Amino acid sequence: MHQDFLPPGIAVLTGAGISKESGIDTFRDEGGLWTQVDLEEVATLEAWFRNKKKVLDFYNDTRRSFRAAGIVPNAAHEALARLEHDYEGEVTIITQNIDLLHEQAGSRRVLHMHGRDGEVRCMACETVFASDDDLTVQSVCPNCQAIGELRPNIVWFGEMPLHLEEIYEVLERCGLFLAIGTSGEVYPAAGFVLHVRRRQPRAHTVELNLEPTGNKNLFHEHLYGPATEIVPPYVARILKHGWR
């Protein structure tokens, strides 16, 4: 199909719910990570400056536990990768998750607004690079050689999410907006559906979640249940019949 006649883009927001079925616990649910640790001690910039070793040890341990669990993409991740591959228009995944399950399933257009596992950032020179090595207060930046300035490339509480300019550009040209496995409570992501409704009045919005969220009234269509059960058939429907 000629580029000028491509169908409207699809923007997909994913949250912790889509990865939970792969074995990654959600952070906010009962028993989730933020109920087990004090986030002020391990997930803020202030915590990092106060006790770098404690913060780095926490992320080193968390990363190793994910690796040891043998976590792999599930049917919902795979369905979204198939959507991107088979749909003639643009499909962009905007994820609140730091895991790489979307990429492992085959998705290529993925914007990690809260950062990515397996990436490191230097606080001295702002260089970001891939690394699965443990970080310590003696770690040296390969770019500027600063010592003790490396941290996970993960957005901590109080920090600005990543890729926002590109995300809003995607939202403003999409014809279909999907929110999958997200609580609808964490901003700015919780406001994306309203942004789409205001800037793209003809766009169709769909909530695919385990249960209704607080902003359910902003969605035209609702599908509730485990992501592995509701996302694959919805993707198949789009590819066969479209979303109207």
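Modeller: Helices (H or I, at least four residues) and strands (E, at least two) are DSSP runs, numbered from the N terminus. The model is predicted: local features need pLDDT of at least 70 and side-chain atom pairs pLDDT 80 or more, while totals for chains, interfaces and linings use all residues. Residues are numbered from 1 along each chain as its sequence is written, and side-chain values use heavy atoms, without hydrogens and water.

Colleague: In which loop is E126 found?

Modeller: E126 is not a glycine, yet its phi is positive, about 70°. The residue sits in the loop between β4 (115-122) and β5 (128-130).

Colleague: Is H163 buried, partly exposed or exposed?

Modeller: H163, again not a glycine, has a positive phi of about 65°. The loop that holds H163 runs between β6 (150-154) and α8 (164-173). Buried means under 20% relative accessible area, exposed over 50% and partly exposed in between (1.4 Å probe, protein chains only). Because its relative accessibility is 41%, H163 counts as partly exposed.

Colleague: And what is the relative accessibility of E126, which counts as partly exposed?

Modeller: E126 lies in the loop between β4 and β5. E126 is placed in the partly exposed class because its relative accessibility is 49%.

Colleague: What is omega for the cis peptide bond of Y187 and P188?

Modeller: P188 belongs to the loop between β7 (174-180) and α9 (192-199). Most peptide bonds are trans. The bond that joins Y187 to P188 is cis, with an omega of about 10°.

Colleague: Is α6 roughly parallel or roughly antiparallel to α10?

Modeller: The axes of α6 (residues 75-86) and α10 (residues 227-241) come within 8 Å and cross at roughly 15°. Axes are lines fitted to C-alpha atoms over the stretch in contact, with angles from 0 to 180 degrees between N-to-C directions. Angles under 35 degrees count as roughly parallel, over 145 as roughly antiparallel, 65 to 115 as roughly perpendicular and the rest as oblique. Therefore α6 and α10 are roughly parallel.

Colleague: Which residues of α10 make the contact with α6?

Modeller: Contact means heavy atoms within 4.5 Å. From α6, the contact involves A75, A76, A79, L80, R82, L83 and D86. Their partners on α10 are A227, T228, V231, P232, V235, I238 and L239.

Colleague: Which residues does E84 touch, not counting residues up to four places away in sequence?

Modeller: E84 is in helix α6. Because its relative accessible area is 8%, E84 is buried. Leaving aside residues up to four places away in sequence, E84 touches V91, S107, R108 and R109.
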